[in-house]
Amino acid sequence: MKQKTILTAFGGSSPEHEVSVITAHQAMAALSENREYIVKPLYISKSGRWLTGDALLDLKNFENLKNLEKSCSPCHFSLNEFGLTVLSEETKGFFAKPIVTRIDTVLTAFHGSNGENGAFQGVCEMFNLPYTGSNVLSSALGMDKVIAKKLCGNEGIPVVDGFDFFEADWAKKPDAIFAKADVLNYPVIVKPVHLGSSIGVNVAKNREDLEQAIELAFRYDRHLLIEKVVSPLMEINCSVLGSDSRCKVSVCEKPLGKEELLSFQDKYLAEEGSKGMAAADREIPADIPAKLTNSIQDTAKQVFTLLGCSGLARLDFLVDAESNKFYFNEINTIPGSFSFYLWKESGIAFTLLLKKMIDIANEEHQKKSRQIQSYDTNLLSKKAVSGIKGLKANK
Ligand SMILES: Nc1ncnc2c1ncn2[C@@H]1O[C@H](COP(=O)(O)OP(=O)(O)O)[C@@H](O)[C@H]1O
Ligand SMILES: [Mg+2]
């Protein structure tokens with residue numbers, strides 16, 4: 001059996017850097033249980049350096065990031081003489097040649113910012129590499145709470161009432177924003193459009209609170225979303241795995257926050273901060289009526305397909321705990337811990353889940369490769385160019 005090299009890519013300059021390190025380590029441990037795979041790490045430091053090396057395989061080394069960086073080798077993607085993408089590692093010594101490793105599939109384990117918003121996925125596309133998770137556009141849609149909500153709202157998927165605005169709108173017409181918030185009725189919730197992990201999210205009970213919450217949220221993003229507060233709130237999430245219209249949905253979970261909002265502290269730093277999303281307090285499967293479970297699961301699949309997602313995602317819903325009315329809140333195209341704890345309860349072990357994600361990545365890549373990407377005729381050949389006006393040679 002020829003082993004496949006799975007490049008696990010993680011870290012990045014994101015507020016969720018540490019969470020990504022945990023997700024990647026959980027995944028690398030599970031991947032190495034499968035003899036089909038050879039695990040290779042690609043760590044992007046907080047400052048954006050691309051690094052690889054065995055030191056990245058031990059979570060303990062992440063306690064001192066400076067030392068870790070020193071013991072790793074800088075690396076980048078390049079093409080070998082056959083046109084195949086390789087990871088090229090710098091080696092020390094004046095005449096030393098770089099070490100090159102052929103990559104079969106990239107397992108994207110970033111959370112937030114450039115790793116989850118389509119930017120890194122775009123780099124993989126440029127290098128013709130199969131990668132797990134959603135494509136460039138779907139990743140970007142998943143990272144934009146406003147556009148995702150608008151697309152879903154247009155299809156009749158229930159979303160919470162709200163409005164969005166940019167920093168320039170706030171600077172020019174704060175009164176118009178206050179007036180819109182009055183229409184929603186307090187309390188309202190203020191959120192940065194592109195962030196995650198509840199960073200910059202705050203509830204405002206009146207205009208004064210609102211002003212403060214807006215100012216705070218603008219420290220993180222130039223685009224904000226204000227919504228009506230769902231209360232009493234119950235949060236229900238589930239994960240979807242698949243591509244196009246062929247997808248499966250996991251059991252539902254009910255995260256149990258200690259505070260009013262599930263804070264960054266609750267989600268990631270609880271229990272000594274080592275277990276990522278898998279450590280947060282939650283009820284699995286969520287103890288809610290079967291009808292609600294089914295409606296949420298069906299809606300999750302609908303949103304996944306509507307946004308053109310593939311691989312694995314987690315979809316989060318807000319439920320009015322009194323009426324059981326539910327709203328689609330957001331999609332995470334690379335969820336913390338790859339939501340493995342939800343799939344485990346759905347009968348799919350983590351090693352199998354990763355295999356399915358990798359298989360989907362390869363299938364999606366093959367689908368793209370079958371399409372015509374370029375033409376054999378050179379449109380810049382002498383004959384073709386001779387008819388183009390404005391070129392020096394044709395004057
Ligand atoms: N409309 C709302 N009503 C009540 N609580 C909300 C609402 N929107 C978000 N929240 C709370 O804030 C948290 C973070 O908001 P969310 O939209 O999920 O952003 P993030 O991307 O930061 O996770 C949610 O998990 C939920 O607890
Ligand atoms: Mg959320």
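Mentor: Happy to; let us take the ligand, then the domains, then some backbone details. Keep in mind that this is a predicted model.

Trainee: What makes a residue one of those that surround ligand 1?

Mentor: One of its heavy atoms must lie within 4 Å of the ligand. Here 20 residues surround ligand 1, and the closest are Lys145, Lys191, Ser198, Val230 and Glu235. By kind, the shell divides into nine nonpolar, four polar and seven charged residues. Among the elements that each supply at least two residues of it are β9 (188-192) and β16 (326-332).

Trainee: How much of ligand 1 does the protein bury?

Mentor: Taken alone, ligand 1 exposes 540 Å², and the protein buries 97% of that.

Trainee: Why do you say that ligand 1 lies between two domains?

Mentor: Because both domain 2 (161-228) and domain 3 (232-368) give residues to its shell. The domain assignment also gives a domain 1, covering 4-131.

Trainee: How far apart are the centres of domain 1 and domain 3?

Mentor: Taken over C-alpha atoms, 25 Å separate them. The contact takes 29 residues from domain 1 and 25 residues from domain 3. What makes that a contact is heavy atoms within 4.5 Å. The area buried between these domains is about 2000 Å², with carbon and sulfur atoms giving 64%.

Trainee: Which peptide bonds ending at a proline are cis?

Mentor: One runs from Ser231 to Pro232, with omega near -5°; Pro232 sits in the loop between β11 and β12. Another runs from Ile284 to Pro285, with omega near -10°, and Pro285 is in the loop between β14 (282-283) and α11 (290-306).

Trainee: What is the phi of Ser197?

Mentor: Its phi is near 60°, a positive value in a residue other than glycine. You will find Ser197 in the loop between β9 and β10 (202-204).

Technical notes: Residues numbered from 1 in each chain as written. Chains lettered and ligands numbered in written order. Predicted model: local features only at pLDDT ≥ 70, side-chain atom pairs only at ≥ 80, totals over all residues. Heavy atoms only, no water. Areas by Shrake-Rupley, 256 points an atom, 1.4 Å probe, with all protein chains shown as cover. Helix = DSSP H or I, 4+ residues; strand = E, 2+ residues; numbered from the N terminus. Nonpolar A, V, L, I, M, F, W, Y, C, P; charged D, E, K, R; others polar. Domains from an automatic or database assignment. Buried area = accessible area lost by both parts, 1.4 Å probe.
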